[in-house]
Every structure is written in C-alpha cells, then in structure tokens.
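Please walk me through the aromatic contacts of this protein and the strands around them. I would like the cut-offs spelled out along the way.

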Amino acid sequence: MAKSPPSKPLVVPEKPLRSRARKPRDPAQPNLPFDPMPERIEPCLALLKPKPPTGPDWTYEVKWDGYRVAVHIEPKRVRVLTRGGHDWTHRFPAIVDAAKQLGVATAILDGEAVVLDEQGRSDFSALQQSLGGRGGKLVTNAAILVAFDLLYFDGHDIRGMELSSRRHLLESLLANENGAIQLSQEIDGDGGEIFNAACEHGLEGIIAKDRESAYRSGRLGDWVKVKCVQSDSFMIVGYEHSLSARGGIGSLMLAARKGDNLIYVGSVGTGFKERDALQLRNLLDRLRRKTAPIAYSGRRKDLVWSQPTLIAEIEYRAWTHDGKLRHASYKGLREKQDNAAVYEIE
C-alpha cells in the first residue's frame, strides 16, 4: 500500500505565532470548540536501543541530561511540573519569566531543564549544585528549558497531530527565543553518523523520533534513545562500610524496579568526592534498617541496609550477563520527588 504524503502544517505564518490577549466574549457570538487544558500530561518516554533507527521516517535530537519538565502556560499563571507531577515552579524562576514573555495565552511545552557547560553540553552535576543538592531549597537562574515538543497550543490539544506539525508550531513560537527557553534543534542525516558525532563531542547520546507519530504517553517506541555512555537513576538500598574509604563508604548498594519489587543491580564505589561521601553517610545512617529491602545473596561484609528512599544518578558502561551494572560511577543524588525516573527492568 502506498504511503500517504505527510500532512502540511495547519498554519504557515510569515512571522512567529503569537496569540492576542483575549477580550470579554460577546454573548451573541457562537461558542468556539476549545479543548479543556489538561492539568497534567503523562510524558512520552524514549525506548532505549543499542543503535539508532535510520531512514526518512526518523528525525534526531541531542539527548539532554537534566530534569524532564512540562511548562504549563495559563492565562493567569505558569506552572513547571516534573515528570512525576510535582510542582517545581518556584525552583525555575528564569524559565517561568521566559514563558510569560512568549505571548501565547495557553500552551504546554515539553522539555528538559538543564544547566549548560562552556561547550554547550548539559551538565547534571551543575544543575544539582545550582538547586542546592538533594533536598536543597535553592532556586536556580542558571537552568534553562530546552523545549522539544508542544502538546497544547492556544486553546487546542494538539497531541493528536503528527510530530512534524507540532514541531512547526513550536519552532514558530520560539523563533526569537535565545534566553531561558530554547529550542532543541532537529538534526537531519544518517542516524548512525549523527550518533557517532554526538559521542565524539562528549554528549550523552541522541533521541530518534518518528516524524509522523502522535504524542503518546508512556514508552511505546515512537521515541528511541541511544546513549554514548549509559546513565540512569537507581535506588540506594544500603552501603558497604569501610574504615579506609572516604566518609566510611566503600560502595553504595543499588536497586532497580521490577514490577512492584526492587531488584539488586550491583554497587558503585567511584565517582563521589569526600563531601559527597560524608553527606551520603549522614543521610543513609538516618535511614538504617535491620533487614535488607531486597533479595541479596552476595558475599559482601559490613553491609548497612537502609530504607529505599535515596535515588542516585549512575553512569555505567553496560550490564553483565547476570543483570549487574558494569563500570558504574556515581554522578549525584536526585530529588525524592523524582522517583518516577528510577530504572525499571522490563
């Protein structure tokens, strides 16, 4: 069956799209079919693959390393919601101010809150520091929103439109923006070559997206992520005590989700500085428990188990045949509200 040509955008403006301030409605006018604005939208998640898909149906973007957020622009307020649905509006004042200046009455932007280094690469550790660390109460003006999708626009739910049309509207909306809200640029070309170039430039990886896909919540394969170096979030379930290690922590015991259970996936003993180790030791000792929160049959000694509350971002090279992390390195703690990001074993 012949493939139908891609549909054209609804509007082809000469100038960036801007909605006008709404005037009081004339009762004599008929009602217009506006869509109710969702309170929250479960995000579309990228499916991890070892190689990027290729072909004309796919477009590519840089994979950003930060906090996934949705920016809800409403007539009288702006809200910044995390992937798990927590309201972090107060933590990103620069993004909120930039959203208010976009000139649109209602919109929902999907993107990543990041802090960029001097080379323009996202730096998760710098983002954490700007927020005051885990449990910190700092607000950050260093973070920007890298927007990569538009889900609701000026009274209309556009999730059912194909990605190419949603991107058209997003690009027009952000045409003149270069401050705290920036557009995640699409990259055309061969997926393999783009991925290799991303790795050579020290990026985390790329995201491949089906040009014709609607926005569907969950991890359904419309978006695919390919990582140069693996980095995911894992639950800390205890630590191995060591008299010779910094802070008394020889290694952290890590777990991933599998259904309703936590599964042991190995340990990490590198990547944290003395200040990190002391902070971790203090936090974990407050969460001590007598029994392991996971099934554990290893031979490590001097283990101190803890309530599965702390979430660590871990960089690693691969998985072993028995489901453990290889060459793991600690990157930092995630916020407790970010538990939706904990790695899930399929």
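This is a predicted model: local features need pLDDT of at least 70, side-chain atom pairs count only at pLDDT 80 or more; totals for chains, interfaces and linings use all residues.

Residues are numbered from 1 along each chain as its sequence is written, and side-chain values use heavy atoms, with hydrogens and water left out.

A pair of aromatic rings is described by the distance of the centres and the angle of the planes. Rings of Phe, Tyr and Trp (its six-membered ring) pair if their centres lie within 6.5 Å; planes under 30 degrees apart count as stacked, over 60 as edge-to-face and the rest as tilted. The structure holds 13 aromatic pairs. One of them joins Tyr-67 and Trp-88, whose ring centres are 5.0 Å apart with planes at 75 degrees, so this pair is edge-to-face. Tyr-67 belongs to strand E3 (residues 67–74), and Trp-88 to the loop between strand E4 (77–82) and helix H1 (93–100); the pair links distant parts of the chain, 21 residues apart. Helices (H or I, at least four residues) and strands (E, at least two) are DSSP runs, numbered from the N terminus.

Buried means under 20% relative accessible area, exposed over 50%, and partly exposed in between (1.4 Å probe, protein chains only). Tyr-67 is buried at 2%, and Trp-88 is buried at 3%. Phe-234 and Trp-319 form another edge-to-face pair, with 6.1 Å from centre to centre and 65 degrees between the planes. Because Phe-234 lies in strand E11 (residues 230–241) and Trp-319 in strand E16 (residues 318–319), this pair ties together parts that are 85 residues apart in sequence. Phe-234 is buried, at 0%, whereas Trp-319 is partly exposed, at 28%.

Two strands pair if DSSP finds at least two bridges between them. E3 and E5 pair in the antiparallel sense over 7 bridges, with Glu-112 in E5 as the bridge partner of Arg-68. E5 also pairs in the antiparallel sense with strand E6 (residues 144–153), over 8 bridges, where Val-146 is the bridge partner of Glu-112. In E5 (residues 107–114), 8 of the 8 residues are buried, so this strand is largely enclosed by the rest of the structure.
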